[in-house]
Amino acid sequence: MTVHGGDGAGTDGVDWDAEAAAFDEDPDHGLRDPRVRAAWAARLRAWLPGRPGDVLDLGCGTGSLSLLAAGRGHRVTGVDRFSAMVALAREKLAGRDAVFLVGDATAPPVGEERYDAVLVRHVLWTLPEPDRALRRWRDLLRPGGRLVLVEGVWGTVSPVGIPAGRLAALLAPLSGRVGVERLSPDTALWGRDVDDERYAVVAVPD
Ligand SMILES: C[S@@+](CC[C@H](N)C(=O)[O-])C[C@H]1O[C@@H](n2cnc3c(N)ncnc32)[C@H](O)[C@@H]1O
């Protein structure tokens, strides 16, 4: 992965347009391995509403999770700041009930639309004001809607990310129910053993 400091880079310093073509090569990104895909499909089945609804996938990347959500009958709106990612997501979900927009996850260009679930994987930790982003995402939910956040802390020498305890604390004022699931032990999700902190949070605001 190439980290840049200037124009064209995200708040994590990565030029995601430059990363887009190779993004799906990582097992948990492209979900090309049937075992990895099945592991994520099972998790999403548990995390997303049981009935088909409207799902907003923020920082959707190439749309791998969007595709699984669409496969469960959900109508998907994906938003990503980087147009090369959006182009690949559109290609991946061609013919599905899904739209993809170029925009910032902290201010998604969705007008007055509201969603049954806001799904965000591996994006929140890069945002400069995660508490503000969480409030905005909470406001995009319909009554009874949920936030599904997949995050972690990566690396051991110079770890980056957001620990589960910190995210749960940020969600506490917004959400009556916050469930944290540890994902590191489930090697099928990653296509290999991992020993850093990886988790998902499902939060249902009051
Ligand atoms: C690690 S990738 C995760 C992609 C996807 N969520 C997944 O799990 O496959 C991070 C994604 O967030 C996007 N991104 C980074 N900062 C963003 C922002 N402020 N608003 C929207 N998308 C952003 C990048 O373009 C990239 O597609």
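The protein chain contains eight helices and eight strands. The model is a predicted one. Its C-alpha trace spans about 40 × 40 × 35 Å along the principal axes. The radius of gyration is 16 Å, which agrees with the value near 17 Å that a compact globule of 206 residues would have. Buried residues account for 39% of the 206 residues. Among contacts with a separation of 6 or more in the protein chain, 60% join residues 24 or more positions apart.

An unreviewed UniProt entry places the feature "domain: Methyltransferase type" at residues 56-149. Over this stretch the chain is 30% helix and 32% strand. The end C-alpha atoms of residues 56-149 are 12 Å apart.

The largest nonpolar core has 55 residues. Within this core, Ala69, Val118, Leu119 and Leu149 have the most contacts. Ala69 also shows contacts beyond its neighbours within four places in sequence. These partners are Leu44, Leu48, Val55, Asp57, His74, Val76 and Leu119.

Leu134 lies in helix H6, which covers residues 130-139. Leu134 counts as buried because 24 other C-beta atoms lie within 10 Å, and the cut-off is 20 or more. Apart from neighbours within four places in sequence, Leu134 is in contact with Leu170, Leu171 and Leu174. Glu112 is 22 residues from Leu134 along the chain, and the C-alpha atoms of the two are separated by 17 Å.

Most residues other than glycine have a negative phi. Leu31 is not a glycine, yet its phi is positive, at about 50°. Leu31 sits in the loop between helix H2 (27-30) and helix H3 (34-47). Leu31 is buried, because 23 other C-beta atoms lie within 10 Å. His122 likewise has a positive phi, near 60°, and is a residue other than glycine. The loop that holds His122 runs between strand S4 (115-121) and H6. His122 has 19 C-beta neighbours inside 10 Å, so it counts as partly exposed.

Technical notes:
Residues are numbered from 1 along each chain as its sequence is written. This is a predicted model: local features need pLDDT of at least 70, side-chain atom pairs count only at pLDDT 80 or more; totals for chains, interfaces and linings use all residues. Helices (H or I, at least four residues) and strands (E, at least two) are DSSP runs, numbered from the N terminus. The radius of gyration is taken over C-alpha atoms; the globule rule is 2.2 Å times the number of residues to the power 0.38. A residue is buried if 20 or more other C-beta atoms lie within 10 Å of its own, exposed if 12 or fewer, and partly exposed in between; C-beta atoms are placed from the backbone. Two residues are in contact if their C-beta atoms, placed from the backbone, lie within 7 Å. UniProt positions are given in the numbering used here, feature names are shortened, and annotations may be inferred rather than shown by experiment. A nonpolar core is a set of buried Ala, Val, Leu, Ile, Met, Phe, Trp, Tyr and Cys residues joined through C-beta atoms within 7 Å.
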